[in-house]
Amino acid sequence: RARQAVADYFHTQDEYEVIFTLNASAALKLVGQCYPFQNGRLLLLEDNHNSVNGLREYAKAAGAAVQYLPVAPPELRASDRELEASLEARGNGGRRLFAFPAQSNFSGVQHPLEWISLA
């Protein structure tokens, strides 16, 4: 029942599964091990948590390009224009994944959740 309640909350379609993990680090490790990075691209925000940065090793091992989107002082925010350009850039034809924190555990900056729909 809990899986269905979570799926209903996020208005998912039948093709998605809800998986519970011990914590965010374990969830990201699972993504890294299972995501089809081959010839794809991984876009990361410069101030991600270490667990998110760990995805880069899985991506590199599969031959994916890895790009970091910079954050600029003094607010340590990424430029929406640079994000859109990075998301639109084509890779080698493989899948593309964008990972960012909703709130940076380094700076406290809350990044726009609207970025999810851009990706």
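Helices (H or I, at least four residues) and strands (E, at least two) are DSSP runs, numbered from the N terminus. The model is predicted: local features need pLDDT of at least 70 and side-chain atom pairs count only at pLDDT 80 or more, while totals for chains, interfaces and linings use all residues. Residues are numbered from 1 along each chain as its sequence is written, and side-chain values use heavy atoms, leaving out hydrogens and water.

Strand 1 (41–45) is mostly covered, with 5 of its 5 residues buried; buried denotes under 20% relative accessible area, exposed over 50% and partly exposed in between (1.4 Å probe, protein chains only). In a regular strand the side chains alternate between the two faces of the sheet. From strand 1, Arg41, Leu43 and Leu45 point one way, whereas Leu42 and Leu44 point the other way.

Two strands pair if DSSP finds at least two bridges between them. Strand 1 pairs with strand 2 in the parallel sense over 5 bridges, and with strand 3 (residues 96–99), also in the parallel sense, over 4 bridges. Leucine 43 stands opposite glutamine 67 in strand 2, and its bridge partner in strand 3 is phenylalanine 98.

The loop between strand 2 (65–69) and helix 5 (80–88) contains proline 74, which is joined to proline 73 by a cis peptide bond with omega of about 5°. Leucine 76 lies in the loop between these two elements, strand 2 and helix 5; its phi is positive, near 60°, although the residue is not glycine. Leucine 76 is partly exposed, at a relative accessible area of 25%.

A positive phi, about 55°, also occurs at asparagine 39, likewise not a glycine. Asparagine 39 belongs to the loop between helix 2 (24–34) and strand 1 and is partly exposed, with a relative accessible area of 46%.
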